[in-house]
Amino acid sequence: MRFDLQIIASLIREKSRVLDLGCGKGDLLEFLQKSKQIEGYGIEINEEKVILGIARGLSIIHGDIDGETQDYADGYFDYVILSQTLQQVYKLEMVIKEILRIGRKCIVSFPCFNHIAIKFQLLFKSKAPLTRELPYEWYDTPNIRVITLKDFREFCTKHQIKILKELAISTHYKATSGKSVKFFPDWFAKYGVFLLAGQSETPSGHGI
Amino acid sequence: MSEYGEHDKNGLSVGIVEKKFFTFAEPPNKMIMESGARLGPITLAYETYGSLNEDKSNVVMVLHALSGNSHVAGYYSEDDEKPGWWDNTVGPGKGIDTNRYFVICSNIIGSCYGSTGPSSKNPQTGKPYALDFPLFTISDIVRAQKKVLDHLGITKLLCLIGGSIGGMQALEWAVSYPHMVQSVIPIASTCKRSALSIGLSEAQRQAIMADPNWNSGNYYDQDYPKKGLALARMIGHITYLSETSMHNKFGRRLKENTAFSYDLSIDFEVENYLHYQGNKFVERFDANSYLYITKASDYFDLGEQKGGGSLVKAFSGIPAKFLVISFSSDWLYPTAQSREMVKAMKKSGLDVSFCEIETDFGHDSFLLAHEQLTKLISGFLNRIYS
């Protein structure tokens, strides 16, 4: 199991109801079903992945994240996961607002654009950075936004979103092991994982 | 639908099967139809494949569409030219694996493949019912099917699966008998037919009724309304295809000549094909059954009939798990209608999966051998069964 998914799993309580947005063929959902006995659901846009996921016995809806989250009741899920998808979401504020509405807690993870290797590429090569976490050329990348840990923290502050936990991870893409970054995480983290309090867990509400 | 029946490439088949019959609603205990009319006795033809396990927990019920029948898979005899209409999906090692599951399909009430319908003899007159046969609904079809299951001692359905009007029955089942149904797979179906779809349905009925041989439904001892029924089938057949599939199959190819005939005979290959389909259909289907079954599907509106106008309410509290499947090129029951169904199921808190399969083959895609469809069905069934 990918290390970042293991980290996400460590944040999830047993037997909870989980929605994974952009779930792919359901690796995380299957892992969570086996290790945490969750009631899992997924949303995925890619037909081939949807079929693989349903065929392995998962509940997956074929559709886009923007549209498919709207049908669920407030606080319906114990956790909503947005793993490695944030950088590709078009209507970001709307999606964050929706997941905080339908999830009692939300887990958001994304590749950091502030890693030191990226800084060096920009600084010395004067080229758009290419790393294992961000492997695309500037002209074919699906990543429409660049995010750093600090950016996301500020976004949460601005919208009064309560961060329950923040983890900075230094690991290679698709690696099965890795470590948390304690030293200067804003520079050395390749991934950030945030556990956020959903609207129903935030009595005063938030500003989105 | 049997247009697609082909022998299995790997020779996998349920083998020789037998059509069985069950009769109920003997007078005076006639069945009260949704319209208030009474009908009885009623016979339904049905077939089963595979073996029922000890605790009767492996039952998969297949629901057929407009022109289908109980003959889902296998052959009636050694020299049968074609297998059942869904032989590519039902059989040993197939999407619905008859080595694991006990599969049932009954010919719907009002059809003409062994079940009581307008062409059946009315015991009161000794003549075919014709238009004395009461109009029926999807709910009536399902209530009659339930009698067959009662007769077989089956109280639990592992899965209900059907395409098109078969999907409507599957949905109706889940809502009407929620305690019996573990899972449902509606394919290329809808919770209510659109105005476009009802309009096309009525055009097909009018084609039949405009044929003088239809004779207000009384044609059983005289000339059959062949032209009308063939025309209805031609219209219907177009609605089951897509622009792309028709373009790929026929384009503007001419039938045999290299030039136009400059008369009103058949010039294009597509015309020729539709005439062929229409004429072939006339040999196997009853014109009045066509009128009645299309009408039943037009009446179907699950939200209105079972949820007082709310589909969410109709679905609420149903324990069954759903797998909804649509096809990108289906314009008769388009993906948007499946999405509407899924939306209501989500709002009702149901466990629902959904997949739109990208294909050019239109509404009829559900009848074709399709690797993706098979993967979805077998994986989903496996999850429910284990």
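Reader: What share of chain A counts as buried?
Author: Of its 208 residues, 42% do; buried takes 20 or more other C-beta atoms within 10 Å of a residue's own, exposed 12 or fewer, partly exposed is in between, and C-beta atoms are placed from the backbone. This is a predicted model, where local features need pLDDT of at least 70, side-chain atom pairs count only at pLDDT 80 or more, and totals for chains, interfaces and linings use all residues. Residues are numbered from 1 along each chain as its sequence is written, with chains lettered from A and ligands numbered from 1 in the order in which they are written.

Reader: How many helices and strands in chain A?
Author: Eight helices and eight strands, taken as DSSP runs (helices H or I, at least four residues; strands E, at least two) numbered from the N terminus.

Reader: Switching to chain B, which residues of α3(B) are buried?
Author: B:S201, B:Q204, B:A207 and B:I208. They cover an arc of only 115° around the axis, so they sit on the same side of α3(B); the arc is that of the directions from the helix axis to the C-beta atoms.

Reader: And what do they pack against?
Author: α4 (226-240) and α7 (287-299) of chain B. On the other side of α3(B), B:A195, B:L196 and B:G199 are exposed.

Reader: How many residues of chain B are in contact with chain A?
Author: 20, with 13 residues of chain A; contact means C-beta atoms, placed from the backbone, within 7 Å. The largest share of that side of chain B, seven residues, comes from α11(B).

Note on methods:
Contact = placed C-beta atoms within 7 Å.
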